[in-house]
Amino acid sequence: MNKLFDWALGSGPSRNRPQKRINLALQGGGAHGAFTWGVLDQLLEDGRIGIDGISGASAGAVNAVMLIDGLIRGGPEEARKRLADFWRAASVDGNLSPVQRRVVEQLFLANSFASGPMKSWLQSIGVSPAQLNPLRINPLKQLIERFVDFNAIRGSGRDLFISATNAQTGDLRIFTAPELTAEAVMASAALPPLFRAVEIDGVPYWDGGYTSNPPLLPFLHTNQSADVLLVQIIPARREAAPKSSRELVGRTSEIAFNAPLFAELRALAAVDRMAEEQRGRGARKLRLHRVVLDEDDVSVDPASRLNNSYEFFQALHKLGRQAAQRFLAVHFDAIGATSSMDAAAEADKEYAGG
């Protein structure tokens, strides 16, 4: 079934036979997911890379299903259109109804509600942010259902890994293509306390970014490319320490949502060491690559992740395209041959606070 995706990712000599194949791991991070849109848009237009598996958390999960659905239905150009149309519709001046628009605005305010002054104020008057949406109107779910044919995804045979967090146990849940629904994608993006946990088979789930942001380890068990391109949209480090209360809220959120990523990088580093010891005995080793949103391009203020104006989305989209162009210019030759990102070094930096 993966042959569905073997056709062109662009134009030129590689149109019918992509030169290189990769998996994509798409991090979540609110409105900054528009950066990932730009990265994907550039990869699809470039035409030299074929896409095998995809993993995602939260906004990364949304981008993942838009990408897969577009490829299934019409190839790379349709995927580019699907992503563009989704981000346009999700913007504050998109084409949702007034009621849906108010809830989308609340969705992008979720991080502020979760850990900022608004949460304290709501608690002081005995109101949960979820009560602001008593009818459980979820325009993001309606948008996803409008753009995505989940029956097609479930039957695609794709390696797809969408993370969510069990709200009762704190355990990671990975949804794969055969079990994927709009509810699973919404579970991956259900940031408390604004939205109630999404219940699937009697189990309540929260945002996948708490436990795997994005999933990397599942690619150890696939049969396709060993190359994984991580699209990271949450800055790992900041040159200056946060000073204002808003910056403190923003930075602590960045650290919390990057922690699962660096835990998986440490695990992969351990797997790499094991693979070296078992060379020639079937041990699988991933080749890691990364495109990252530069810390200088996004504010530590949490409002940066809550800005759902289309102008802001377009600016991030442009940054994503530029970052993907730089990655391809410098690291294209490494794909299929060696890692251009050192998991062990990155994990050690974070562990040491470097």
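Student: Does helix 1 pass helix 11 in a left-handed or a right-handed crossing?
Tutor: Helix 1 passes helix 11 in a right-handed crossing. A crossing is right-handed if the near helix is turned clockwise from the far one by less than a right angle, and left-handed if anticlockwise. Helices (H or I, at least four residues) and strands (E, at least two) are DSSP runs, numbered from the N terminus.

Student: What kind of model is this, and how are its residues numbered?
Tutor: This is a predicted model, in which local features need pLDDT of at least 70 and side-chain atom pairs count only at pLDDT 80 or more, whereas totals for chains, interfaces and linings use all residues. Residues are numbered from 1 along each chain as its sequence is written, and side-chain values use heavy atoms, with hydrogens and water left out.

Student: Back to the helices. At what angle do helix 1 and helix 11 pack, and how far apart are their axes?
Tutor: Helix 1 (residues 33–46) packs against helix 11 (residues 310–331) at about 45 degrees, and their axes are 6 Å apart. Axes are lines fitted to C-alpha atoms, for helices over the stretch in contact, and angles run from 0 to 180 degrees between N-to-C directions. Helix 1 and helix 11 are therefore oblique to each other; angles under 35 degrees count as roughly parallel, over 145 as roughly antiparallel, 65 to 115 as roughly perpendicular and the rest as oblique.

Student: Which residues meet there?
Tutor: Among them are Phe35, Trp37, Asp41 and Leu43 in helix 1, and Phe313, His317, Arg321 and Leu328 in helix 11. By class, the contact of helix 1 with helix 11 has 12 nonpolar, five polar and four charged residues. Here Ala, Val, Leu, Ile, Met, Phe, Trp, Tyr, Cys and Pro count as nonpolar, Asp, Glu, Lys and Arg as charged, and the others, Gly among them, as polar. Contact means heavy atoms within 4.5 Å.

Student: Is Asp41 buried or exposed?
Tutor: Asp41, found in helix 1, counts as buried at 7% relative accessibility. Buried means under 20% relative accessible area, exposed over 50%, and partly exposed in between (1.4 Å probe, protein chains only).

Student: What does Asp41 touch?
Tutor: Not counting residues up to four places away in sequence, Asp41 touches Arg80, His317 and Arg321. The side chains of Asp41 and His317 are joined by a polar contact of 3.1 Å. A polar contact is a pair of N or O atoms within 3.5 Å; within protein, one must be able to donate a hydrogen and the other to accept it, and residues adjacent in sequence count only if both atoms are side-chain atoms.

Student: How do the axes of helix 1 and helix 2 cross?
Tutor: Their axes come within 9 Å and cross at roughly 30 degrees. That makes helix 1 roughly parallel to helix 2. The crossing of helix 1 and helix 2 is right-handed. Gly33, Thr36, Trp37, Leu40 and Leu44 of helix 1 make the contact with Ala59, Asn63, Leu67 and Leu71 of helix 2. By class, the contact of helix 1 with helix 2 has six nonpolar, three polar and no charged residues.

Student: New topic. Which residues does a cis peptide bond join?
Tutor: A cis peptide bond joins Asn213 and Pro214, with omega about 0 degrees. Most residues other than glycine have a negative phi, and most peptide bonds are trans. Asn213 is in the loop between strand 6 (203–207) and strand 7 (227–232), and Pro214 is also in the loop between strand 6 and strand 7.

Student: What surrounds Asn213?
Tutor: Leaving aside neighbours within four places in sequence, Asn213 is in contact with Gln27, Gly28, Ala57, Ile234, Phe257, Pro260 and Leu261. A polar atom of the Asn213 side chain lies 2.9 Å from the backbone oxygen of Phe257. Asn213 is buried, with a relative accessible area of 1%.

Student: And Ser58 and Asp201: where do they lie?
Tutor: Ser58 is in the loop between strand 2 (49–56) and helix 2 (59–74), and Asp201 lies in the loop between strand 5 (198–200) and strand 6. Ser58 has a positive phi of about 55 degrees although it is not a glycine; for Asp201, also not a glycine, phi is positive at about 55 degrees. Ser58 is buried, with a relative accessible area of 11%, whereas Asp201 counts as exposed at 76% relative accessibility.
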